[in-house]
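The remarks begin with a local detail and then turn to the chain as a whole.

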Amino acid sequence: MARILIADDSADIRQLLSAILVEEGHKVVVAGDGQKALDLMGVDPPDLLILDIMMPVLDGYGVLKEMKKNGTRNEVRILILTAKASESDWVRGYKMGADQYLTKPFGSDELLAAIEGMLALSKDQLKSRTEDELSKAQLLSRLESIFTDF
């Protein structure tokens, strides 16, 4: 199966995700902050990165920025898994390089479906789907801002 890196500052979330993914046959490595995740990717880039946004040392956005800068972004599929749930957060995540965006709390079935779907697509198919998701998120973000202005 896939090599998956989990970058989340919550030990409970890292443990839960690890248990779910190992049971599915994936090889899992964990990092408690963004800098540790970058260090691990520098040694052995995973097939997929599950990335929290709000972390110490270096947040998820910083990780995405560094991955783009150092060229590892194109090698790794990225699933953002975060509590940041506004449509503008989704837009920012996709614009910075996420391939998929899920919010906490999440169901294990939803998580596994997202991961398997990402891994099953070619890079071109994933890019196309991500562009579609970004377009939807941008539209919903505009609607969200209209309704919050009232």
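This is a predicted model: local features need pLDDT of at least 70, side-chain atom pairs count only at pLDDT 80 or more; totals for chains, interfaces and linings use all residues.

**Notes on the model**

1. Val57 is exposed, with a relative accessible area of 71%. This residue, placed in the loop between β3 and α3, has a positive phi of about 65 degrees although it is not a glycine.

2. Pro105 belongs to the loop that runs between β5 (100-103) and α5 (108-120).

3. As to the overall architecture, the chain contains six helices and five strands, and these follow one another along the sequence in the pattern β-α-β-α-β-α-β-α-β-α-α. The radius of gyration of the chain is 15 Å, close to the 15 Å that the globule rule gives for 150 residues, so the chain is as compact as a globular protein of that length. Taken along the principal axes, the box filled by the C-alpha atoms is roughly 45 × 35 × 35 Å.

4. Which residues have the most contacts inside the largest nonpolar core? They are Met41, Leu49, Leu51, Val63, Met67 and Ile78, in a core of 25 residues. At least two residues of this core come from each of β1 (3-7), α2 (34-43), β3 (48-51), α3 (60-70), β4 (77-82), α4 (87-96) and α6 (123-148), and α3 gives the most, with four residues. Apart from this core lies another, of 19 residues, which includes Ile20, Leu21, Leu48 and Leu81.

5. The surroundings of Ile78 deserve a separate remark. Not counting residues up to four places away in sequence, Ile78 touches Leu49, Leu51, Leu64, Met67, Arg73, Gly97, Ala98, Asp99, Gln100 and Met118. Among these partners, Leu49, Leu51 and Met67 are also listed with Ile78 as residues with the most contacts inside the largest core.

6. For the chain as a whole, buried residues make up 44% of the 150 residues. Where contacts between residues at least 6 apart in sequence are considered, 63% of them join residues at least 24 apart.

How values were computed
Residues are numbered from 1 along each chain as its sequence is written. Side-chain values use heavy atoms; hydrogens and water are left out. The radius of gyration is taken over C-alpha atoms; the globule rule is 2.2 Å times the number of residues to the power 0.38. Buried means under 20% relative accessible area, exposed over 50%, partly exposed in between (1.4 Å probe, protein chains only). Contact means heavy atoms within 4.5 Å. A nonpolar core is a set of buried Ala, Val, Leu, Ile, Met, Phe, Trp, Tyr and Cys residues joined through side-chain atoms within 4.5 Å.
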